[in-house]
Amino acid sequence: MKNEFDYLNDTEIDFSIYDEQQLTKKERRRMKNVIKKHQKINYLKLAGLAACVALVAVFAQTALAQEFFVKIIKSVSTGYNTFVETDSDGAAVPVPVELSGLIFDKNGLQANKISSGETYYDKNGKKITDLQKFAQEYTDSLTIVNADGTETTVNIKDAGDSDPLINAAAEGWVVISDPEKINDYLDFSAKLPKYVPEGFRFYGATASPTDGQYLFVYYKNDKTEKCISVHERILNEETAFSASFDGKMTETKIHGNKAVIYDGRNIDWEEDGISIGISAKNAVSKAELLKIADSVK
């Protein structure tokens, strides 16, 4: 018994009566989306890509984020997206196997767990001020034991010194060097800041290779090597996200829309059908961050 596809195969069609038309780049991307099942892009992964100095929160973004955050302070929705302020005091994660025997507590005893808010030392009694940099001295990756007993391997090689455009290219993203061509790769009109602090310049942008729904734009200070990143996406159920973090979260308004400021140097809001976020940690003051956000048009 034939199915509908068999009958279609038996059908003869004279394609010569049709005019050949060339698809635009945007139309070809859309066709690929129809053919290839759309894969939802993880927001935390994109957020990591957006940071000019990629701070890989090894302990917070893996095991801790999955059930170790035991206290939720408050939750704020900007519409599609939700932001959760948490308190991880007392949260603990097992020491990764690669660092076993290398981390000690204040009493000089070998640490089996790393607890939020505690101070740790190396085998010589020197205080470990940055666990990530400490780990990079011994290994390129860490094996994290999750709350459910499963293991996750996290690559930490060169984390903190990577270039966002190089990272994006390695991931297969489209890298855009001309700000005037950004909209050629999007299914929406990008909103860019009209104001950036003195010393910062347009450094480049990246867009999703499979659809026109995601955008990251970077502004870099060549003297300080610090970056400001603007991330945007179309608002729908597929692109909506939730983000949790330690630290104070405050609400404000940008162009009359509810906005959330978190970690002191990040702001997110929704406007005209797109989600907009600006990350400027350690690059500018909170006042400058608000000035940049207010200039986005």
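Accessible areas here come from the Shrake-Rupley method with a 1.4 Å probe. On that basis, the accessible surface of this protein comes to about 17100 Å², and carbon and sulfur atoms hold 48% of that area. Please keep in mind that the model is predicted.

Of the 297 residues in the protein, 41% are buried. The secondary structure consists of six helices and 15 strands. As for contacts between residues at least 6 apart in sequence, 55% of them join residues at least 24 apart.

Within β11, F245 is the bridge partner of E85.

The next region is built around β7, β8 and β9. Strands β7 and β8 run antiparallel and are joined by three bridges; V175 has T206 in β8 as its bridge partner. Strands β8 and β9 also pair in the antiparallel sense, over seven bridges, and A207 stands opposite L215 in β9. A hairpin of six residues joins β8 to β9. Why is β8 described as largely enclosed by the rest of the structure? The reason is that six of its eight residues are buried.

I now come to the aromatic side chains. A pair of aromatic rings is described by the distance of the centres and the angle of the planes. With a cut-off of 6.5 Å between centres, the count comes to five aromatic pairs. In one of them, the rings of W173 and F216 have centres 5.9 Å apart and planes at 55 degrees, so this pair is tilted. The two residues come from distant parts of the chain, 43 residues apart: W173 lies in the loop between α5 (164-170) and β7 (174-176), while F216 lies in strand β9, residues 214-221. Are these two residues buried or exposed? W173 is buried, with a relative accessible area of 11%, and F216 also counts as buried, at 4% relative accessibility.

A further pair is formed by F202 and Y219, which are edge-to-face, with 6.1 Å from centre to centre and 75 degrees between the planes. F202 lies in strand β8, residues 200-207, and Y219 in strand β9, so the pair ties together parts that are 17 residues apart in sequence. F202 is partly exposed, with a relative accessible area of 21%, because the limit for a buried residue is under 20%. Y219, at 7% relative accessibility, counts as buried.

Two further items concern rings. F83, F241 and Y262 are linked into a cluster by ring pairs. Finally, K291 lies over the face of Y195, at 4.4 Å from the ring centre.

Thank you for your attention.

Methods:
Residues numbered from 1 in each chain as written. Predicted model: local features only at pLDDT ≥ 70, side-chain atom pairs only at ≥ 80, totals over all residues. Heavy atoms only, no water. Phe/Tyr/Trp six-rings, centres within 6.5 Å; stacked < 30°, edge-to-face > 60°. Helix = DSSP H or I, 4+ residues; strand = E, 2+ residues; numbered from the N terminus. Buried < 20%, exposed > 50% of the residue type's maximum accessible area, 1.4 Å probe, protein only. Lys NZ or Arg CZ within 6 Å of the ring centre and 35° of its normal. Pairing = 2+ DSSP bridges. Contact = heavy atoms within 4.5 Å.
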